[in-house]
Amino acid sequence: MDAVSQVLRYTRRYEAEGRNAVPWVVAHSVPAAVEHEARRVGVRTRGISMSAVEAFLAAHGTSVSKLMTLRRRAPGALTGGAGDLWAVVDTAAA
């Protein structure tokens with residue numbers, strides 16, 4: 001449930017700064033207990049395979065290897081995931 005707590009902390013922080021935030025937990029798989037807790041507190045979830053990630057990135061003109069070079073965190077960048085990849089993803093696209 002740590003992922004749900006973490007995304008709620010981030011959401012509250014962004015909302016306190018006057019930003020719009022939609023809480024999501026995105027991972028290669030989302031355990032049933034995490035999905036249940038997320039649904040209970042209004043957090044969206046999405047399980048996505050690595051092949052789907054690679055296809056999404058390719059459709060947007062990038063790749064995992066290109067994103068890995070961005071591991072140095074820019075101010076305000078969203079970070080996370082096992083590979084510590086970051087990007088801002090449009091909610092509709094997600």
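Let me start with a term. A residue is buried under 20% relative accessible area, exposed over 50%, and partly exposed in between. Keep that in mind, and keep in mind that this is a predicted model.

First stop, Glu-17. Its relative accessibility is 47%, so Glu-17 counts as partly exposed. Its side chain meets that of Arg-19 in a salt bridge. From N to O, that is 3.3 Å. And Arg-19? Its relative accessible area is 42%, so Arg-19 is partly exposed too.

How many salt bridges does the structure hold? Three.

On to helix 2. Helix 2 covers residues 32–41. Look at Glu-35. Which residue does Glu-35 form a salt bridge with? Arg-39. The closest N and O atoms there are 3.1 Å apart. Now the spacing. Glu-35 and Arg-39 are four residues apart in helix 2, so about one helical turn separates them. As for accessibility, Glu-35 has a relative accessible area of 30%, which makes it partly exposed. Arg-39 reaches 56%, so Arg-39 counts as exposed.

Stay in helix 2 for Glu-37. Glu-37 forms a salt bridge with Arg-40. Here the closest N and O atoms are 2.9 Å apart. How many residues apart are Glu-37 and Arg-40 in helix 2? Three. Because of that spacing, about one helical turn lies between Glu-37 and Arg-40. Arg-40 has a relative accessible area of 56%, so Arg-40 is exposed.

Now over to helix 1. Helix 1 runs through residues 2–16, and Thr-11 lies in it. Is Thr-11 buried or exposed? Buried. Its relative accessibility is 8%, and the cut-off for buried is under 20%. What does Thr-11 touch, once its neighbours within four places in sequence are set aside? Thr-11 is in contact with Ala-21 and Pro-23.

Last topic, the rings. Take Arg-13 and Tyr-14. The charged end of Arg-13 sits over the ring of Tyr-14. From the centre of that ring, the distance is 4.9 Å. And ring with ring? The count of aromatic pairs comes to zero.

Quick recap. There are three salt bridges in the structure. Glu-35 pairs with Arg-39, and Glu-37 pairs with Arg-40. In helix 1, Thr-11 is buried. Arg-13 has its charged end over the Tyr-14 ring. Thank you.

Conventions:
Residues numbered from 1 in each chain as written. Predicted model: local features only at pLDDT ≥ 70, side-chain atom pairs only at ≥ 80, totals over all residues. Heavy atoms only, no water. Phe/Tyr/Trp six-rings, centres within 6.5 Å; stacked < 30°, edge-to-face > 60°. Lys NZ or Arg CZ within 6 Å of the ring centre and 35° of its normal. Salt bridge = Lys/Arg side-chain N within 4 Å of Asp/Glu carboxyl O. Buried < 20%, exposed > 50% of the residue type's maximum accessible area, 1.4 Å probe, protein only. Helix = DSSP H or I, 4+ residues; strand = E, 2+ residues; numbered from the N terminus. Contact = heavy atoms within 4.5 Å.
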